[in-house]
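Morning, everyone. Have the sequence and the structure open while I talk, and stop me if you get lost.

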Amino acid sequence: MKILTFTGSTPSEALKKAKMEIGDEGMLIETKEIQKKALGREALYEIVIGIDEEMIPSTYKKVKKPLSKQQPLKEESKEILFDISNAAKQISKISDVTDPLDDLYQPLSKQNIAPSVEPKELKEIKSEINKLTDKVKIIQNMFWDEKSPDLSSQIPSEFSEIYRLASQSGMNKEHLDSLMQVTLEHMPLKMRENSSTVKRYFQTILRKMVPIRREAIPSVGAKKVIMLVGPTGVGKTTSIAKLAARYSFLMEKKYKVGLVVLDTYRIGAVEQLMQYARMMKLGIETVVDPPEFSNALESLKYCDYILIDTMGSSPYDRVKIEKIYECLNANNTAYHVDVVLVMPSSIKYEDLKVTYDNFATLGVDTLMFTKLDETRGFGNIFSLAYETKKPISYFSVGQEVPEDLVCASSDFLIECLLHGFNRSKV
């Protein structure tokens with residue numbers, strides 16, 4: 001059995017090309033869109049045709065040279081496609097279809113539709129075809145026997161797609177292998193029959209592994225004091241502005257918000273927050289030395305939320321981190337300061353872990369990740385939250401104030417991890 005592919009601007013066009021090249025002897029295995037339609041660019045569809053080698057016309061010369069390492073998988077694919085062909089013939093016999101291959105070639109809208117009450121035998125055969133087609137897809141996408149992880153228990157080929165997606169997302173390999181082991185141990189055998197159910201189950205496991213801090217509003221007479229800390233250039237000042245706008249204007253109640261600036265190293269940062277404070281009519285205090293920290297908090301005691309912007313520093317700059325610690329230590333008010341570590345989502349897991357370890361001396365309460373619109377991999381975020389057990393509170397998904405701020409949820413993060421960031425779903 002040979003596997004051939006044909007492309008066209010529509011599935012029908014690709015099918016016509018196939019018929020012109022090899023006639024009506026082939027069998028349609030898969031149709032997929034490989035390029036979406038855009039301005040000045042047509043869509044591109046690819047169809048996969050299986051055909052017996054003896055049935056290939058002599059005029060068709062487009063034969064791909066197989067690799068030696070692919071031979072075991074080719075033999076397996078031959079058996080699978082043979083089973084699909086036999087199953088298709090059985091369906092034809094039951095449904096009185098004259099030519100099963102012609103029926104498979106027809107668009108879905110023109111295919112023979114089975115009655116609403118199908119014979120039990122027909123349902124069973126269709127179920128088997130779905131399983132076999134799924135297996136063909138797995139074989140085409142990757143050579144799992146060569147790439148599967150070296151775990152104590154064998155991972156079925158149906159897990160290949162989610163393993164590849166999670167691995168490419170930047171997730172730590174030890175974490176991924178551990179989750180695979182958990183999934184294999186607890187997943188019901190019935191759910192392992194195809195990659196779609198495996199993916200849904202794995203997605204559920206991942207969601208339960210992500211610690212999240214739900215947004216809480218201040219109780220009557222109390223206030224929330226939030227300090228953002230983190231490396232230089234991660235967007236702390238912009239995030240402060242987004243939070244201030246959210247608490248002041250976007251929630252059910254318009255809360256009173258005050259700002260405290262510790263970042264006197266960068267004049268630009270102070271001026272930027274001053275401008276935001278004037279626009280939103282917020283109180284603002286600056287702190288130069290640690291003893292002034294308590295006075296600044298007391299000056300804003302009329303506020304429901306007090307947001308503190310700190311100087312950015314390298315994770316290895318102990319002097320600046322120590323100064324932030326001194327301010328926290330000098331706090332002799334009754335207000336608990338919630339420390340939020342802000343990090344960019346666009347750096348690898350190992351760098352995120354080093355950053356966390358160096359700022360951990362400040363007593364980090366929650367994590368906030370910025371620049372989600374600048375990366376395609378989100379497994380690093382999952383791995384850090386999974387490793388540190390620190391909950392995530394917010395995601396920043398762009399530069400717009402206050403729109404590009406998302407309250408953290410495990411559903412949002414895992415959707416990004418497995419399917420990529422989609423602004424329309426924010």
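Of the 426 residues of the protein, 47% count as buried. Keep in mind that this is a predicted model. The exposed surface comes to about 22500 Å². Carbon and sulfur atoms supply 50% of that surface.

Now the parts list. There are 15 helices and eleven strands. Take the contacts between residues at least 6 apart in sequence: 72% of them join residues at least 24 apart.

Look at β2 and β3, residues 44–51: seven bridges join them, and they run antiparallel.

Let's zoom in on β5, residues 257–261. Five of its five residues are buried. In a regular strand, side chains alternate between the two faces of the sheet. So what covers each face is worth checking. Both faces of β5 are covered. On one side sit Val257, Leu259 and Val261, and on the other Gly258 and Val260, all buried. The strand has partners too. With β7, residues 305–309, β5 pairs in the parallel sense over five bridges. Valine 261 has aspartate 309 as its bridge partner in β7. With β6, the pairing is again in the parallel sense, over four bridges. There, glycine 258 has glycine 283 as its bridge partner.

Move along the sheet to β9. Three bridges join β9 to β10, residues 392–396, and the two run parallel. Methionine 368 stands opposite tyrosine 394 in β10.

Now the helix over this region, α13, residues 349–359. Which residues of α13 are buried? Tyr349, Leu352, Thr355, Tyr356, Asn358 and Phe359. A quick reminder: an α-helix has 3.6 residues a turn, so residues three or four places apart point the same way. Follow that buried set on the screen. It packs against the helices α7, α12 and α14, and against the strands β4, β8 and β9.

You will find leucine 372 in the loop between β9, residues 366–370, and α14. Buried or exposed? Leucine 372 has a relative accessible area of 1%, and buried means under 20%, so it is buried. What does leucine 372 touch, not counting residues up to four places away in sequence? The list is Ser345, Phe378, Phe395, Ser396, Val397, Phe412 and Phe421. Also check glycine 398, which is 26 residues from leucine 372 along the chain. The C-alpha atoms of those two are separated by 7.2 Å.

Last stop, a helix pair. The axes of α14, residues 379–388, and α15, residues 410–419, come within 9 Å and cross at roughly 135 degrees. The two helices are therefore oblique to each other. From α14, the contact uses Gly379, Ile381 and Phe382. From α15, it uses Leu413, Ile414 and Leu417. By class, that contact has five nonpolar residues, one polar and no charged.

That's the tour. Questions, please.

Note on methods: Residues numbered from 1 in each chain as written. Predicted model: local features only at pLDDT ≥ 70, side-chain atom pairs only at ≥ 80, totals over all residues. Heavy atoms only, no water. Axes fitted to C-alpha atoms, helices over the stretch in contact; angles between N-to-C directions. Parallel < 35°, antiparallel > 145°, perpendicular 65-115°, else oblique. Contact = heavy atoms within 4.5 Å. Nonpolar A, V, L, I, M, F, W, Y, C, P; charged D, E, K, R; others polar. Buried < 20%, exposed > 50% of the residue type's maximum accessible area, 1.4 Å probe, protein only. Pairing = 2+ DSSP bridges. Areas by Shrake-Rupley, 256 points an atom, 1.4 Å probe, with all protein chains shown as cover.
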